[in-house]
Amino acid sequence: MNPSEQSIANGEWRRLHPLNLLLDLFGALRSLVIPILVGAISLPGRALMVILPVLGALSVTAIVIRYWKRQYKLSEKDLVVREGLLARKVRNVPYWKIQNIDTVRNPLHRLFGVVGVRLESASGSEPEAVLEALSVEAVEELEAAIRERGGEAPAEARVGAGTAGEGNGAAEEAPARLLYRIRGRELVRLGLAWNRGLVIVGALVAYLFSYGRVEERLPMIERWLRATLDRVTPFAGDVPAWLPVVAGVVLALALLVGLSILYVFFRYHGFTLEGTDDRLRTVQGLFTRATATIPRRRVQRVMVTQNLILRWLGGVSVRVETAGHSEHAGGWQSERYLAPYLPQERLDAFMTEVLPDWAWSGLEWRPVSTRAKRRLLRIRLSAVLVVIGVAGWLTTPWALALLPLLVGWVVAYVKGYVTYAGFALGPDTVAYRSGWLKREQSLVAFSRVQVVALEESPFDRRWKMANVNVDTAGASMAAHWMRLRHLERSDAEEVWRTLDSRVRDTDFKW
Amino acid sequence: MAGKDPPWLPGRPDDAEEHPVDPQWITLRRLGNLIRTTILGLMGLTGTLIFLGLVGWSSAAKLTFLAGVAGFFCALYILGMITPVLAYRRYRWRLDGETLLVRRGIWWRIETLVPKSRIQHTDVTQGPLERLFHTSSLVVHTAGTRFAIVEVDGLPTGLAPKMRDHLLDLRPDESL
């Protein structure tokens, strides 16, 4: 059965907003800047006079054709996108398969009153459809179509009765309830804690180096620094030599923190989370406004993270993973925060409200094996001794001076890790927490567990321990890994048996 | 087909017993190890000869070095012959009404559990060597990430499709 066969007749093809032309032009310019500059330097002027207009005309033609042939249609059961002049492509995305609807409005979008839309299905890394600019009305129409016609999967695609609420059919959407709103003070705290400054500086340096010749300018920067220093020195009198260095370091750190706060401020300004019966919606950003819609039943895993600074400030960050999760750059959200900064004491109430089926508050945490501390200390300290010994033997005996520092570090790590690490089995969920300076917790409903794997190394066997892997859909490789480590062998078996009996009872549904 | 099935082959694929795979799997593994070690050995030997041609050692030292390299590859050959037997003893699969369980590993052991309802799609594959030994592999794909692919190799050729049909709730005629 071809679902679009009959509906193709009754929908009507539309183009995106003309702003797409401008956006594409900017994109083309950005990718052409380097070739043009290189050409301008190496080619004679007359050749350039011919090549540049031809190149420009070609890309403008390509952009216009692309815009002209790129059309979409809201048909009965699916969104249809067609594009291409010579090689044509028609893509049908059934409404019920659409996992997330993300929108983005950067200043340019806002100026023209349009919205960029990205639709994701469960298929993974690539978004199902990206519509870079649509008018506000068109977006509302699209959202309504997905809401009204996508609520129910066709009967043949549904596997038994699910656990999450679903099936509002073509009903009006219930009014959304505000679940969370970030406060200005919390934005500043978040900027402090996340320390995104280094990321920005790193990106900046990478950007500069990718455009080349930074090495050549380094002497210039050095001269400038020296000149500044010389100009300052007469006023300073005879300050000790270390003072400027210390001042520089302090200044650089302050700058990093300031950048981080600015970044978080722009990106997460006005962050709100709203919820209806079956979906969650976030809005964020000062200049670039981004929204994300996450159906509750698509949530695969909840993660609560708290780094050292957040712990001092008494806050946590709450994130979710959905199956269609993908890492993207270019203004689209790669992280799905439910609450970037949540006061720790509000966590239980928040989770109960946001995901009532997941029973967060009643969890009874159980520790890892009592022998884990001894095992970890033994292996880590031996490693430190070997490394320091070899280093001391190869270089200078002074390397031994590092020994107390490293031993202290290892002891602190092992103590911190063992006291915090643990697991919990709820009525419908399994949870795991770990980490030393950065603490992470993961919660997964049995109905979202994909594969369970019990792992044992020879060392695990010797210490009567085992590890249980809980695999979910869309788990990011960079995020907290649900590998319940250093569990008492009997506990691992209990987790395994519970998961075995409970996971098979539940149906997984997209 | 049931008449000539060896005794360790289950009558039904979903009898909730833990089964070993076809003993031919050992031979298959050994052949694979043999081929791998030979390729590696040839490369290693060429490298060693080039290296010895370049350095100015005494011929006794060169001979000792060569013997060392040869000894290393001999050990690899022997290991490649022994480990399949050990691995075979530790390799079990079980298919009950709802889940597929695979147990493997000699020193690093892993038990993988895949509920039937989580299976996205399955492959039954058979390489040229497997065809020679009348075994095939069942590959189960889930929506998971780190354990998205679970493989049971060394299944007798007739069994893998039977298991697949059971996992996907197919009636036999649908799969033909």
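Me: Before we get going, what counts as a helix here, and how are helices numbered?
Reply: Helices are DSSP runs of H or I with at least four residues, strands are runs of E with at least two, and both are numbered from the N terminus. Mind that this is a predicted model, where local features need pLDDT of at least 70. Residues are numbered from 1 along each chain as its sequence is written.

Me: Which helix gives the largest share of the nonpolar patch?
Reply: That's helix α3 (residues 45-69) of chain A, with 7 residues. The patch covers about 770 Å², and its members include A:I36, A:L43, A:V50 and A:L58.

Me: What makes residues a patch?
Reply: They need over 30% relative accessible area and no salt bridge; nonpolar side chains (Val, Leu, Ile, Met, Phe, Trp, Tyr) are joined within 5 Å, like charges within 9 Å. A salt bridge is a side-chain nitrogen of Lys or Arg within 4 Å of a carboxyl oxygen of Asp or Glu.

Me: Why is A:M49 called exposed?
Reply: Exposed means over 50% relative accessible area (1.4 Å probe, protein chains only), buried under 20%, partly exposed in between. A:M49, found in helix α3 of chain A, has 64%, so it counts as exposed.

Me: Okay, what about A:K464: buried or exposed?
Reply: Its relative accessibility is 56%, so A:K464 is exposed. A:K464 sits in the loop between α14 (458-462) and β20 (465-472) of chain A, and has a positive phi of about 55 degrees despite not being a glycine.

Me: And why is B:H134 called exposed?
Reply: Because B:H134 has a relative accessible area of 57%. B:H134 lies in the loop between α3 (128-132) and β6 (135-142) of chain B, and its phi is positive, about 55 degrees, though it isn't a glycine.

Note on methods: Chains lettered and ligands numbered in written order. Predicted model: local features only at pLDDT ≥ 70, side-chain atom pairs only at ≥ 80, totals over all residues. Heavy atoms only, no water. Areas by Shrake-Rupley, 256 points an atom, 1.4 Å probe, with all protein chains shown as cover.
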